[in-house]
Amino acid sequence: MKSKVGLLSLIKQSSCTCSMNSHYNKTPLTAAPFARAFKSPDSNFRFSPSLFLARRFESIKAGKQLDSFGSSVNNQVSEGVAIKMYNDMVTLQTMDTIFYEAQRQGRISFYLTTSGEEAINIASAAAIKNDDFVVPQYREPGVLLWRGFSMQEFANQCFGNKADYGKGRQMPIHYGSNKHNYFTVSSTIATQLPHAVGAAYALKMDQKDACAVTYFGDGGTSEGDFHAALNFSAVTEAPVIFICRNNGWAISTPISDQFRSDGAVVKGRAYGVRSIRVDGNDALAIYSAVHAAREMAIGEGRPILIEALTYRVGHHTTSDDSTKYRPVDEIEWWRTTQDPVTRFRKWIESNGWWNGDIESELRSSVRKQILHALQEAEKAEKPPISDLFTDVYDVSPSNLREQEHSLRETIKKHPQDYPSNVPI
C-alpha cells in the first residue's frame, strides 16, 4: 500500500478524517461526500433520521488536510500481509455465519457477530505487535484470530467444553488467552478501558517496547469509565490506543440519543488525547492509522484515540432483532455497498494478488475447517463439576465446600434436570 497521506502528521492535527478509499473507488472519500453518503446513500435508500445525523460531521475539515499532506509516513502493506489480512477477514466472516447458525439451532446458548466490522478487527491487529496487550470489548475476535487462536479454540470456548481455557465458566464469545496477550472478554460496557490504561502504565514503568490497545463501541463513550480512562491516560502519559468502533448503535440506542458532540473524536481532544477519525470500513486506513498511533504511543509516551466510523450490519447479539428499531433496507445498503471484506478484496485484486479461483478455494477450505472444529467441540466432554469451585482460593473455604457437596447431592437426586455429559 502506498499511503496517500502521512498519518503521523495527520493525527497530530486536532481532529480529522482519514480514508484510503482511492484504492477502492475512482475518487478519494473525503469528509463532505462521506457525510453525504451517510445521509443519502442513494435515491432508493430510505434514510433513518436516527442514523448518523449530518451534524456529526460538522467539525470535519479533512479535504484540504488530506490534499496538503506530506509523506512523513509511508506504511507499506506487503503482499504477504495483505493476503493474510484478507484470509483472516474471510475466516472471521465465515466463522460468524456458522457459529450464528449453530446458536439458532440451539447448539450453543449465545453468540454475536462482527459483521461489517471485519476491517477494524483484522487491520488493527495487523498494525500492532504480539507483545502489545489487547483489552477487548466483545466484538474483536479477529484480533485473536490474527494472533493465531485456532478455530478449535474458538469453538471450544463457545461450547464451554473441557478444552475451554475458561473451563466453561464464561458466556460464549468471552474469549481470553494469556499466550496471545488478550485479556478475557467481559460484557460489562467500558469497564475494560481503565484496565487498559493501567496495563499501559505498567508497560511504561517497566520500559517495555509495547503498548496496550483497547476497543469499545460508541455506547461505551456514554459510560463514566470512558471519561475516567481518557483522563487517567492523559495525566499519566500512558502508551495506550483507544479504538472506538462507532457503528451508530448502542444495541437499539442510536447515537443521536446518546450525545450531541461530533462523535467520539472531540471527546479525546477535550481530555488532551491526540485523536483521529477514520473510515472503519477501509482496512488500509485502519492499518495506517493504528500503525502510526502505535509509533506515537510508545515513542512519545502518550495515549491515542482512534474513532473508526462503521456500521453494525448484524444484530447486536443473538438476543436482539435489529429490524425492530432500524429499517431493513438501511442494513442491506451497508451490507451490499460498504462491506469491508469486498472493498479489501477489490484492492488486492487490483494488485494482481487475488482471483476468483483462489477465493473459491479459500472459502471452501475455511468452511470445512470451521464445521469440523464445531463438531469436535460439540462432542467433547464438559468440564467437571469441581471446576466450578476452583481457581479463586488457594484453599477452598468451608462455604464453598458446602455448596459443592449440596450441588452433587442435588444432581444425584434429580439427574434428569442436569446435562448427562457433565462429569460429576
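I begin with Asp-391, which at 52% relative accessibility counts as exposed, where exposed means over 50% relative accessible area, buried means under 20%, and partly exposed lies in between, for a 1.4 Å probe and protein chains only. Before I go on, please keep in mind that this is a predicted model, in which local features need pLDDT of at least 70 and side-chain atom pairs count only at pLDDT 80 or more, whereas totals for chains, interfaces and linings use all residues. Residues are numbered from 1 along each chain as its sequence is written, and side-chain values use heavy atoms, with hydrogens and water left out.

Asp-391 forms a salt bridge with Lys-167, and the closest N and O atoms of that pair are 2.9 Å apart; by salt bridge I mean a side-chain nitrogen of Lys or Arg within 4 Å of a carboxyl oxygen of Asp or Glu. Lys-167 sits in the loop between helix 7 (151–159) and helix 8 (192–205), and Asp-391 in the loop between helix 14 (356–379) and helix 15 (398–413), so the pair ties together parts that are 224 residues apart in sequence. The lysine of this pair, Lys-167, is partly exposed, with a relative accessible area of 29%.

Let me set that pair against the chain as a whole. The chain holds 15 helices and eight strands, taken as DSSP runs numbered from the N terminus, with at least four residues of H or I for a helix and at least two of E for a strand. Of its 424 residues, 54% count as buried. Among contacts with a separation of 6 or more, 75% come from residues 24 or more positions apart, a contact meaning heavy atoms within 4.5 Å.

A search of the whole structure finds 22 salt bridges, and I will mention a few others. Arg-302 pairs with Glu-300, with the closest N and O atoms 3.1 Å apart; Arg-302 is partly exposed at 24% relative accessibility, and Glu-300 is partly exposed at 38%. In helix 14, Glu-376 and Lys-379 lie three residues apart, about one turn of the helix, and they form a salt bridge whose closest N and O atoms are 3.2 Å apart. Here Glu-376 is partly exposed at 32% relative accessible area, while Lys-379 is exposed at 62%. There is also a network of salt bridges that links Arg-345, Glu-349, Glu-359 and Arg-363.

Now to two buried residues. Where does Asn-281 lie? It is in the loop between strand 7 (274–279) and helix 11 (283–299), and at 2% relative accessibility Asn-281 counts as buried. Its side chain reaches the backbone oxygen of Gln-338 at 2.8 Å. Leaving aside residues up to four places away in sequence, Asn-281 touches several others, including Gly-116, Ala-119, Tyr-311, Trp-334 and Arg-343.

The second residue is Val-135, in strand 2 (residues 133–135), which is buried with a relative accessible area of 3%. Although Val-135 and Phe-183 are 48 residues apart along the chain, their C-alpha atoms are separated by 5.2 Å. Phe-183 is also one of the residues that Val-135 touches, as are Gln-192, Ala-196, Val-213, Thr-214 and Tyr-215, again not counting residues up to four places away in sequence.

Key. Polar contact = N/O pair within 3.5 Å; in protein donor to acceptor, adjacent residues only side chain to side chain.
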